[in-house]
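Hi everyone, thanks for coming. Have a look at the structure on the screen, and then I'll walk you through the parts I'd like to talk about.

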Amino acid sequence: MRVTIIGTGNMARGIGTRLLAGGHEVTLLGTEAGKAEGLARELGGSARAGAVGDPVEGEVVVLAVPYEAAGEVVRSYGEELSGKVVVDITNPVDWQTLDGLVTPPESSAAEEIQGSAHEGARVVKAFNTTFAGTLVEGRVAGQPLDVFIAGDDGEAKETVAHLARDGGLVAIDAGPLRRARELERLAFLGITLQQPLGLNFRSAWKLIS
C-alpha cells in the first residue's frame, strides 16, 4: 500500500518505521525539503521525500503534524483528499498549562479535522496514544503496541488496522469517530504520567483480557 505522511518529526519517524516494516511504500512531505530528505534516507527502503503541497500519493494520508496545523493542512489539500483515508494522530493538548485539552468536551481533534476536510475524506483516529520512540521499536516490555482506531467508515478503519498489523502492532477498533474524544483524553493522561513516574515516554497503554 502507498502511504503519504505529512510531517517529518518523531511521530513521522515512528509511523514510517512501522509502515516500512510492514512492506508498504512511504512518501514523506515536509515544510523543509532537507528534513524530509534526511528522514527518508534514515528510514531507507521505499521511503521517498517531498514538500508539503506536493500531490498526496496512495490511498492513505497520515497527518503527523501538530494539532494546531492539521486543520489547515486538510483545508489546503481540499478535494485531493476526497476518497482517501486521512489518519489523525494529533492530541489537542493545552501545552501552555498542561492542564487539559483545548477542544470542548463534546468534540475532538479528529471530529474538527473531519469538519475541515473536503467531503469524501475519510478521517480515522489512530496512533495518538502511542509514543514515537515506542513505535520505532514496535514493542514495550516485550509486548506489541496496541493501536486504538476510531472512525465512522468501517472500510477506512480496516485499512488502518491492516497497516498496523502489518507493522507488528495490535489493532483495536475503538468505535465511531466520536470515541476520539476518549482516546485523546487517554493520550493526555499518558503524557501527564511520564514525568512523575519517570517513564521517559517509553510506556504504552495495553488492553489485556
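The UniProt record, an unreviewed entry, places the annotation "domain: Pyrroline-5-carboxylate reductase catalytic N-terminal" on residues 2-92. Please keep in mind that this is a predicted model.

In what order do the strands of the open sheet run? The order is 3-2-1-4-5-6-9-10, that is 8 strands, and the pairing is mixed. The edges belong to strand 3 (48-51) and strand 10 (170-175); each has a single partner strand, so one side of each has no neighbour in the sheet. On average, and ignoring direction, neighbouring strands are turned by 30 degrees against each other.

One pair I'd like to zoom in on is strand 5, residues 85-88, with strand 6, residues 122-125: these two run parallel and are joined by 4 bridges. In that pairing, aspartate 88 sits opposite lysine 125 of strand 6. And what packs on this sheet? Helix 3 does, touching strand 1 (2-6), strand 2 (25-30), strand 3, strand 4 (60-63) and strand 5. The direction of helix 3 makes about 150 degrees with that of strand 4.

Now for the helix pairs.

Take helix 1 (residues 10-21) and helix 2 (residues 33-43): their axes come within 10 Å and cross at roughly 40 degrees. Helix 1 and helix 2 are therefore oblique to each other, and their crossing is right-handed. From helix 1, Ala12, Arg13, Gly16, Thr17 and Leu20 meet Leu39, Glu42 and Leu43 of helix 2. Sorted by type, the residues of this contact are 4 nonpolar, 2 polar and 2 charged.

Back to helix 3, residues 67-77, which also meets helix 4, residues 109-116: here the axes come within 8 Å, with a crossing of roughly 20 degrees. Why do we call this pair roughly parallel? Angles under 35 degrees count as roughly parallel, and therefore helix 3 and helix 4 get that label. Their crossing is right-handed. Helix 3 brings Tyr67, Ala70, Gly71, Val74 and Arg75 to the contact, while helix 4 brings Ala109, Glu112, Ile113 and Ser116. That contact between helix 3 and helix 4 divides into 5 nonpolar, 2 polar and 2 charged residues.

That's my tour, and I'm happy to take questions!

Conventions: Residues are numbered from 1 along each chain as its sequence is written. This is a predicted model: local features need pLDDT of at least 70, side-chain atom pairs count only at pLDDT 80 or more; totals for chains, interfaces and linings use all residues. Side-chain values use heavy atoms; hydrogens and water are left out. UniProt positions are given in the numbering used here, feature names are shortened, and annotations may be inferred rather than shown by experiment. Axes are lines fitted to C-alpha atoms, for helices over the stretch in contact, and angles run from 0 to 180 degrees between N-to-C directions. Angles under 35 degrees count as roughly parallel, over 145 as roughly antiparallel, 65 to 115 as roughly perpendicular and the rest as oblique. A crossing is left-handed if the near helix is turned anticlockwise from the far one by less than a right angle, and right-handed if clockwise. Contact means heavy atoms within 4.5 Å. Ala, Val, Leu, Ile, Met, Phe, Trp, Tyr, Cys and Pro count as nonpolar, Asp, Glu, Lys and Arg as charged, and the others, Gly among them, as polar. Two strands pair if DSSP finds at least two bridges between them.
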